[in-house]
Amino acid sequence: QVSLVESGGGLVQAGGSLRLSCVASGRIFNINAMGWYRQAPGKQRELVATITGGGSTNTADSVKGRFTISRDNAKNTVYLQANSLKPEDTAVYYCNAKILESDYVVYDYWGRGTQVTVSS
């Protein structure tokens, strides 16, 4: 069993910054891609950014230049540095990890989410 635990969300004024963290723990053989997604009220969940084990990243156009994803493979942790936050960034942010387990199958895991609220 694997769990993902996010932290770092909160209330911030427009133009401010937050750093989200997500730690994976449990029966992990290898973590492939990790990423952040978000879901605003009444909207579908959308990709924010992903990062592979080798460090290749993919970032949504809506946050490019403001958000940066990174990971610490030794700590099984992924980060999202969110700068120049806008009210439209308000959402629940979810961590995702694609994890290779000891049965050599890649499983898709999600955290419970952390709320980010940006006030104008």
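Over the face of which residue does arginine 45 lie? In this predicted model, arginine 45 lies over the face of tryptophan 110, at 4.7 Å from the ring centre.

The aromatic side chains were then examined for ring pairs. A pair of aromatic rings is described by the distance of the centres and the angle of the planes. The count comes to 2 aromatic pairs. Phenylalanine 29 and tyrosine 104 have ring centres 5.6 Å apart and planes at 75 degrees; because edge-to-face pairs are those with planes over 60 degrees apart, this pair is edge-to-face. Phenylalanine 29 is located in the loop between strand 3 and strand 4, and tyrosine 104 in the loop between strand 9 and strand 10 (106-110), so the pair ties together parts that are 75 residues apart in sequence. Tyrosine 104 has a relative accessibility of 62% and therefore counts as exposed.

The rings of tyrosine 37 and tryptophan 110 also form an edge-to-face pair, with 5.0 Å from centre to centre and 65 degrees between the planes. Since tyrosine 37 belongs to strand 4 and tryptophan 110 to strand 10, parts that are 73 residues apart in sequence are tied together by this pair. Tyrosine 37, at 17% relative accessibility, counts as buried, whereas tryptophan 110, at 36%, counts as partly exposed. Tryptophan 110 thus takes part in an aromatic pair with tyrosine 37 and also has arginine 45 over its face.

The largest nonpolar core comprises 30 residues. Those with the most contacts inside this core are Trp36, Val48, Phe67, Val78, Leu80 and Tyr93. Two or more core residues are given by each of strand 1 (2-7), strand 3 (18-26), strand 4 (30-39), strand 5 (46-51), strand 7 (67-72), strand 8 (77-82), strand 9 (91-100) and strand 11 (114-119). Strand 9 supplies the largest share, 5 residues.

Valine 78, located in strand 8, is one of the core residues with the most contacts inside the core. Its relative accessibility is 0%, so valine 78 counts as buried. With residues up to four places away in sequence left out, valine 78 touches Leu20, Ser21, Cys22, Met34, Trp36, Ile51, Ile69, Ser70, Arg71 and Cys95. Among these contacts, Trp36 is itself listed with the core residues that have the most contacts. The C-alpha atoms of valine 78 and glycine 54 are 13 Å apart in space, and the two residues are 24 residues apart in sequence.

Phenylalanine 67 is another of the core residues with the most contacts inside the core. Outside the four places on either side in sequence, phenylalanine 67 touches Arg38, Val48, Thr59, Leu80, Gln81, Ala82, Asn83, Leu85, Asp89 and Tyr93. Of these partners, Thr59 is placed in strand 6. Threonine 59 has 17% relative accessibility and therefore counts as buried. Its contacts, under the same exclusion of residues up to four places away, are Val48, Ala49, Lys64 and Phe67.

The structure holds 5 salt bridges. In one of them, glutamate 46 is joined to arginine 38, with the closest N and O atoms 2.7 Å apart. Glutamate 46 is partly exposed, with a relative accessible area of 35%, whereas arginine 38, at 6% relative accessibility, counts as buried. In another, arginine 66 is joined to aspartate 89, with the closest N and O atoms 2.8 Å apart. Arginine 66 lies in the loop between strand 6 (57-59) and strand 7, and aspartate 89 in the loop between strand 8 and strand 9, so this pair ties together parts that are 23 residues apart in sequence. Arginine 66 counts as buried at 10% relative accessibility, and aspartate 89 counts as buried at 1%.

A further salt bridge is formed by lysine 98 and aspartate 108, whose closest N and O atoms are 2.8 Å apart. Lysine 98 in strand 9 and aspartate 108 in strand 10 are 10 residues apart, and the pair links distant parts of the chain. Lysine 98 is partly exposed, with a relative accessible area of 32%; aspartate 108, at 43% relative accessibility, also counts as partly exposed. Through shared partners, salt bridges join Arg38, Glu46, Arg66 and Asp89 into one network.

Technical notes. Residues numbered from 1 in each chain as written. Predicted model: local features only at pLDDT ≥ 70, side-chain atom pairs only at ≥ 80, totals over all residues. Heavy atoms only, no water. Core = buried A, V, L, I, M, F, W, Y, C linked by side-chain atoms within 4.5 Å. Buried < 20%, exposed > 50% of the residue type's maximum accessible area, 1.4 Å probe, protein only. Helix = DSSP H or I, 4+ residues; strand = E, 2+ residues; numbered from the N terminus. Contact = heavy atoms within 4.5 Å. Phe/Tyr/Trp six-rings, centres within 6.5 Å; stacked < 30°, edge-to-face > 60°. Lys NZ or Arg CZ within 6 Å of the ring centre and 35° of its normal. Salt bridge = Lys/Arg side-chain N within 4 Å of Asp/Glu carboxyl O.
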